[in-house]
Amino acid sequence: MGFIFKPVRWILGQIIIFIDWISRPKPVLRDSQKQEEIDRQTENMALYQFKQCPFCVKTRRQIHRLALTIETRDAKNDKNWNQELINDGGKYQVPCLKITRPDGSVEWMYESSKINQYLEEKFS
Ligand SMILES: N[C@@H](CCC(=O)N[C@@H](CS)C(=O)NCC(=O)O)C(=O)O
């Protein structure tokens, strides 16, 4: 039966991506100085994610809406990001936002709702 679930899951994933694409919220507009300042802050962030994961879509929408430039890392297909997430983050779950602070300390933030709330509070 596994051979049926895989393509069905893939098709559902593509539908989610399509719905996300046609219903994307408009990004906020900031003056260029403010946007540059925010871009500098988000240089130290990376989102570990899967392309088709609905929770990742939820967080990517938030990133898009807040007009943030955050690197996305494919934790399913890229071995390095996959291993880094498991070994350094502590568990294989996406989305996960890696935040490297100016003092070099690193926070691995799991849970889409928590990440979205953090981004909202910091950048909206
Ligand atoms: N409550 C979590 C759920 C996240 C979740 O279930 N992610 C799935 C992908 S959709 C996952 O990481 N699965 C790990 C795996 O496939 O082993 C959230 O909102 O972020």
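By class, how many nonpolar, polar and charged residues does the shell around the ligand have? The shell has 6 nonpolar, 2 polar and 1 charged residues, where Ala, Val, Leu, Ile, Met, Phe, Trp, Tyr, Cys and Pro count as nonpolar, Asp, Glu, Lys and Arg as charged, and the others, Gly among them, as polar. This is a predicted model, in which local features need pLDDT of at least 70 and side-chain atom pairs count only at pLDDT 80 or more, while totals for chains, interfaces and linings use all residues. Residues are numbered from 1 along each chain as its sequence is written, and side-chain values use heavy atoms, with hydrogens and water left out.

Around the ligand you will find Phe50, Cys53, Phe55, Tyr92, Gln93, Val94, Pro95, Glu111 and Ser112, each with a heavy atom within 4 Å of the ligand. Val94 instead uses a backbone N or O atom, 2.9 Å from an oxygen of the ligand. The protein covers 65% of the 520 Å² of accessible area that the ligand has on its own (Shrake-Rupley method, 1.4 Å probe).

Now look at helix α1, residues 2-22, which holds Leu12. Leu12 counts as partly exposed because its relative accessibility is 48%, and partly exposed lies between buried (under 20%) and exposed (over 50%), with a 1.4 Å probe and protein chains only.

Finally, Gly90 follows α4 and has a positive phi, near 115°.

Note on methods. Polar contact = N/O pair within 3.5 Å; in protein donor to acceptor, adjacent residues only side chain to side chain. Helix = DSSP H or I, 4+ residues; strand = E, 2+ residues; numbered from the N terminus.
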